[in-house]
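Please examine the structure below with its sequence at hand.

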Amino acid sequence: MRKKECVHWILQVLKDTYPDAHCALYYRNPFELLVATILSAQCTDERVNHVTQKLFIKYPSPEAFASAEILDLQNDVRSTGFFRNKAIAIQESSQQIILKHEGQVPNDMKALTALRGVGRKTASVVMGNAFNNAEGVVVDTHVGRLSRRLGFTKQQTPEKVEQDLIRLIPREDWVLFPHLMIFHGRAICTARKTYCTKCTLQENCPSFK
């Protein structure tokens with residue numbers, strides 16, 4: 001089976017296996033997803049969702065985050081780790097959104113990555129999930145690990161892994177693909193142990209062979 005055909009087969013099997021695959025972060029609008037994604041760095045989605053349930057009630061808008069007492073905001077996000085940097089990033093990006101984008105999260109890679117604390121991965125999460133605008137493939141630890149195990153890439157850095165995935169994955173699947181990989185990475189192909197005998201991808205997985 002050719003590589004592109006193999007990728008197509010794997011995608012279809014994952015879609016059948018995880019029909020409800022979706023962004024695990026809790027959000028109701030693009031701004032909330034931006035905040036949640038900033039908080040998700042080096043933190044579990046479950047912990048972020050626990051924090052944002054209350055956070056978005058206390059700070060319901062960019063204006064509320066922009067005018068918050070920074071020490072209060074730091075305390076509110078403390079349990080997500082790196083809370084000082086995250087609080088500053090959220091507050092300053094909120095201020096930038098108000099001043100430069102009329103209070104609306106921009107649907108543009110260049111504009112998003114110009115915000116404080118927003119890199120390409122965060123921008124891709126927001127654009128893909130909040131705006132259904134696929135400008136790249138989100139590469140987190142699950143996506144990177146599984147992409148190497150499945151033979152999609154040999155690269156180690158998220159940037160280089162993404163470039164390989166962009167060449168392999170159809171653009172219409174760029175947004176869904178990371179969610180499928182994350183669901184599979186949590187259920188079967190975990191970092192500590194692989195449950196290969198239960199894996200629906202074993203037929204075309206080079207790591208299984």
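**From the loops to the cores**

N132 is exposed at 66% relative accessibility, where exposed means over 50% relative accessible area, buried under 20% and partly exposed in between, calculated with a 1.4 Å probe on protein chains only. The model is a predicted one, in which local features need pLDDT of at least 70 and side-chain atom pairs count only at pLDDT 80 or more, while totals for chains, interfaces and linings use all residues. Residues are numbered from 1 along each chain as its sequence is written, and side-chain values use heavy atoms, with hydrogens and water left out.

N132 is situated in the loop between α8 and α9; helices here are DSSP runs of H or I with at least four residues, numbered from the N terminus. Although N132 is not a glycine, its phi is positive, at about 50 degrees. Most residues other than glycine have a negative phi. F82 also has a positive phi of about 50 degrees without being a glycine. This residue belongs to the loop between α5 (70–76) and α6, and F82 is exposed, with a relative accessible area of 57%.

The buried residues are F31, E32, L33, L34, V35, A36, T37, I38 and L39, and they pack against α3, α4, α6 and α8. At the start of α2, a side-chain oxygen of N29 comes to within 3.1 Å of the backbone nitrogen of F31. That distance can be set against the definition of a polar contact, a pair of N or O atoms within 3.5 Å; within protein, one must be able to donate a hydrogen and the other to accept it, and residues adjacent in sequence count only if both atoms are side-chain atoms.

Which residues touch the most other members of the largest nonpolar core? They are L34, V35, L55, F65 and L112, out of 34 residues in that core. A nonpolar core is a set of buried Ala, Val, Leu, Ile, Met, Phe, Trp, Tyr and Cys residues joined through side-chain atoms within 4.5 Å. Two or more residues of this core come from each of α2 (30–39), α3 (45–58), α4 (62–66), α6 (83–101), α7 (109–113) and α8 (120–130). The largest share, seven residues, is given by α2. In soluble globular proteins, nonpolar side chains tend to be buried together.

Leaving aside neighbours within four places in sequence, L34 is in contact (heavy atoms within 4.5 Å) with I97, V105, L115, V118, T122 and V126. V126 is part of helix α8 and is buried at 0% relative accessibility. Not counting residues up to four places away in sequence, V126 touches P30, L33, L34, V105, L112 and F131.

Polar residues are also found in the interior. Q96, in helix α6, is buried at 18% relative accessibility. A polar atom of the Q96 side chain lies 3.3 Å from the backbone oxygen of A114. Beyond four places in sequence, Q96 touches H101, A114, L115 and R116. E162 is located in helix α10 (residues 158–168) and is buried, with a relative accessible area of 5%. Its side chain reaches the backbone nitrogen of V137 at 3.0 Å. With neighbours within four places in sequence left aside, E162 is in contact with R120, G136, V137 and V139.

Helix α9 (residues 141–149) and helix α11 (residues 176–187) pack at an angle of about 80 degrees, with their axes 8 Å apart. The axes are lines fitted to C-alpha atoms over the stretch in contact, and angles run from 0 to 180 degrees between N-to-C directions. The two helices, α9 and α11, are therefore roughly perpendicular to each other, a term that covers angles of 65 to 115 degrees. On the α9 side the contact is made by H142, V143, R145, L146 and S147, and on the α11 side by F177, P178, M181, I182, H184, G185 and R186. By class, this contact has six nonpolar, four polar and two charged residues; Ala, Val, Leu, Ile, Met, Phe, Trp, Tyr, Cys and Pro count as nonpolar, Asp, Glu, Lys and Arg as charged, and the others, Gly among them, as polar.

Key:
Angles under 35 degrees count as roughly parallel, over 145 as roughly antiparallel, 65 to 115 as roughly perpendicular and the rest as oblique.
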